[in-house]
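The sequence and structure are shown first.

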Amino acid sequence: MLEIVLQNLDLVIFLALMVIGYTAGSIAEKRHYASIEQRERELLRLMLVNASGSYPDGRVKSAFLVSGSAVISVDYFKRFLAMLRNLFGGRVRAYESLLDRSRREAILRMKEEARAKGAVMIMNMRLETSTIGTSDTSKNGIGCVETLAYGTAVVLNPQ
Amino acid sequence: MKFTPRELPANVNVPKTHPLAELAWLIGGLAALGVGLFLVLGLVTDLIVAKLPPAAEAWLGRQMIGQLAATENQALELRLNALLQALPADAPLRRQQFTVYLLDTNEINAVALPGGHILVFSGLLAQARSENELAMVLAHELGHYQHRDHVRQFGRGLAVSLAAMLIFGQESQVSETAVKLFMTIDSRYSRQQETAADLWGLELLTARFGHAGGATDFYRRMAQTAGSRIPYVVASHPHPDARIAELEQSIAQHAYPLGAVLPLGSDLPRK
């Protein structure tokens, strides 16, 4: 038995990494989504728009930049799925939830900052995404995606 | 403008497919590709076996013999030539160039390589007791050439190696590596191929010596050490007993006479 394991050590390590990647990745994702959904409900009333708006004179007490960013890493299992996808093409479903999580997490962090500073609204919200850990020259880096959300938080004068 | 906070009912950005289901689909696709490639290579190999030009066969033979520490052996070559002389004048094998090599290993085997290179393992030579049984072994290998098994034995490895040769050229390192990796010498023939080579060899042996004496001697000695027949159900080679039976049946069928065997010549290198 031990002999078989030692002879196919590569395969054993691969399978172990796949199992670890899948279980750890699934648990992390499930928890993260639960947290995201709960916080999104809490912050629902904080207005968030892409548009640049304007208020009548004297209405705005202060306006400032708020930002939030989140970095989410890919797990071994998802990376393997994406690698197979490279062969056949199509939606890289394994990565889509990672991007979704990092976008929503970044927005939530931005909103949390705005709320802490007493803002009721964020205008002109923008999202930027970048990969870290990988580049064209090094293919074996750690694949992470960073999403940055930023916008103008507005604190209103009491009416 | 009025702002109405609203929760999103569903998220189109997150796929509903279970990741394990996707994994199964992708791996299934990969497996299907592999099976497809395997089948195509099989078809290509069949085509190659029938149409392989002598120049390509010679190249393969050179590549393979170059990897082995085998030495050309004049004494064995003399015996092979005597067998070839016994063939009819218009036999295709007489137009081919054969070289017999001796490979220093205890294994009891002989191999027919592409390009007319016949490998005799010194373990086999140490076992042989008579000129006739040695001739039977050589005639058996010639039988493989006659049936083009020497090309077919490599199966799909052949298609891969030749593709490498065509793409990268004869002198390329890549082609050499392909031959090393995919053309492994284990001389696995099917039972039908072995039996066909045996029967063809028997005919040649009889033509050479005028009788079929010693044809089964070698297998008889193998049978003593071979043991149970059970592992041979899955083995590529038939059990020696089965080969002896086939040979004896053929001897009886053709009414080949059985004469006395010649002792081995002293010119053979034996350990």
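## Interface and pocket

Two salt bridges are found by the rule across the interface of chain A and chain B in this predicted model. A:Arg41 pairs with B:Glu7 in a salt bridge whose closest N and O atoms lie 3.8 Å apart. Between chain A and chain B, four residue pairs are in polar contact, both residues being at pLDDT 80 or more. On the side of chain A that touches chain B, α2, β1 (47-48), α3 and α4 of chain A each supply at least two residues.

The contact involves 24 residues of chain A and 20 residues of chain B. About 1,900 Å² is buried between chain A and chain B, and carbon and sulfur atoms give 71% of this area. Within chain A, the residues that lose the most area to chain B are A:Leu44, A:Phe88 and A:Arg93, which together make up 26% of what that side buries.

The largest pocket holds about 1,300 Å³ of space. It is lined by 47 residues, of which A:Tyr33, A:Glu40, A:Asp100, A:Arg104 and B:Asn11 are the closest to its centre. Two or more lining residues come from each of α2 (9-42), α3 (76-88), α4 (93-116) and β3 (121-132) of chain A, and from α1 (19-51) of chain B. The most is given by α2(A), with ten residues.

The table sets out the residue classes of both regions.

Key
Residues numbered from 1 in each chain as written. Chains lettered and ligands numbered in written order. Predicted model: local features only at pLDDT ≥ 70, side-chain atom pairs only at ≥ 80, totals over all residues. Heavy atoms only, no water. 1 Å grid on protein atoms, 1.4 Å probe; cavity = no way out; pocket = protein on both sides within 12 Å on 5 of 7 lines; lining within 4 Å. Points joined across faces, edges and corners; volume = space filled by probe spheres on them. Helix = DSSP H or I, 4+ residues; strand = E, 2+ residues; numbered from the N terminus. Contact = heavy atoms within 4.5 Å. Buried area = accessible area lost by both parts, 1.4 Å probe. Salt bridge = Lys/Arg side-chain N within 4 Å of Asp/Glu carboxyl O. Polar contact = N/O pair within 3.5 Å; in protein donor to acceptor, adjacent residues only side chain to side chain.
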